[in-house]
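Today I wanted to look up the ligand site and the salt bridges.

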Amino acid sequence: VSDEIVTRRLLLRRWTENDRPGFAAINADSEVMRYFPATLSAAESDAFVDRIEEGFDRDGFGLWAVELDGRLAGYTGLSQQKGLLTTGDCVEVGWRLARWAWGQGIATEAALAALRCGFEDQGLTEIFSWTTETNAPSEAVMLRIGLLRRPELDFDHPRLVDWWGRRHIVYSLRSEEWAVTHA
Ligand SMILES: CC(C)(COP(=O)(O)OP(=O)(O)OC[C@H]1O[C@@H](n2cnc3c(N)ncnc32)[C@H](O)[C@@H]1OP(=O)(O)O)[C@@H](O)C(=O)NCCC(=O)NCCS
């Protein structure tokens with residue numbers, strides 16, 4: 001079980017009740033949610049926290065709350081994903097940060113710790129990541145952490161039928177590739 005990870009600058013941890021208002025503010029920011037179909041209401045944001053915490057209980061990992069100097073910066077972590085890739089169910093690494101936390105390498109630092117946890121503690125054999133085609137900041141994180149482009153897995157999101165960002169590009173890293181580049 002990986003409830004907590006400490007990196008050079010960050011604490012990745014499970015969610016507390018105190019995180020809910022700050023996370024709701026992040027999810028209500030239209031700039032943060034620019035590459036998603038909509039912002040989230042406070043109720044939707046709270047339900048998201050509940051689902052994340054259920055995932056931690058079930059899987060032993062999840063989308064960690066990222067804390068910088070005692071302040072909630074957003075999330076980065078691993079989540080189980082079903083029904084999106086032609087290769088089957090998988091684990092995705094993902095990130096969402098408050099605007100004040102951009103431009104400091106926080107997503108990169110947290111995502112590298114998440115990959116290490118996934119491969120070395122959780123024994124995952126492959127970790128994926130995807131984003132809508134035009135989300136260059138997110139794709140840049142994928143490239144910085146060493147994920148490899150898997151164009152054959154690109155997909156149209158089944159739940160986002162009439163949305164401009166439906167097409168998604170896919171990256172991944174296999175455990176043997178991680179071992180070569182990050183050991
Ligand atoms: C995706 C997202 C997390 C990327 O944030 P980011 O700040 O660009 O990424 P990082 O935290 O890795 O920081 C990298 C930036 O910090 C700079 N930086 C400063 N110190 C750094 C360090 N120690 N290490 C790496 N980068 C550093 C980099 O140069 C880069 O800036 P640049 O883009 O101007 O070149 C952010 O844009 C976001 O939250 N977006 C909204 C949610 C979203 O779309 N999520 C993804 C959905 S798939």
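My entries on these two topics follow.

**Ground rules.** I am working with a predicted model, where local features need pLDDT of at least 70, side-chain atom pairs count only at pLDDT 80 or more, and totals for chains, interfaces and linings use all residues. I number residues from 1 along each chain as its sequence is written, and side-chain values use heavy atoms, with hydrogens and water left out.

I looked up the shell, counting a residue as near if one of its heavy atoms lies within 4 Å of the molecule. There are 20 residues around the ligand, and Trp95, Leu97, Gly103, Ala107 and Thr108 come nearest. I sorted the shell into 10 nonpolar, 7 polar and 3 charged residues.

I then searched for polar contacts (pairs of N or O atoms within 3.5 Å). A nitrogen atom of the ligand lies 2.9 Å from a backbone N or O atom of Trp95. For ligand oxygen, I found one atom 3.2 Å from a polar backbone atom of Gln104, and an oxygen 2.9 Å from a polar backbone atom of Gly105. How much of the ligand does the protein bury? Taken alone the ligand exposes 950 Å², and the protein buries 67% of that (Shrake-Rupley method, 1.4 Å probe).

**Ligand, which elements.** I took helices (at least four residues) and strands (at least two) as DSSP runs, numbered from the N terminus. Strand E5 (90-97), helix H3 (106-121), strand E6 (126-132) and helix H4 (136-144) each give two or more residues to the shell. H4 supplies the largest share, 4 residues.

**Salt bridges.** I counted a salt bridge when a side-chain nitrogen of Lys or Arg is within 4 Å of a carboxyl oxygen of Asp or Glu. The structure holds 18 of these. One of them pairs Arg14 with Asp57, the closest N and O atoms being 2.8 Å apart. Arg14 is in the loop between strand E2 (10-13) and helix H1 (19-27), and Asp57 is in helix H2 (residues 42-59), so this pair ties together parts 43 residues apart in sequence.

I checked exposure too (buried is under 20% relative accessible area, exposed over 50%, partly exposed in between; 1.4 Å probe, protein chains only). Arg14 is buried at 19%, whereas Asp57 is exposed at 61%.

**Arg20.** I found Arg20 in a salt bridge with Glu17 (3.1 Å, N to O). Arg20 is buried at 16%, while Glu17 is exposed at 57%. Arg20 also meets Asp50 in a salt bridge (2.7 Å, N to O). Arg20 lies in helix H1 and Asp50 in helix H2, so the pair ties together parts 30 residues apart in sequence.

Conventions: Polar contact = N/O pair within 3.5 Å; in protein donor to acceptor, adjacent residues only side chain to side chain. Nonpolar A, V, L, I, M, F, W, Y, C, P; charged D, E, K, R; others polar.
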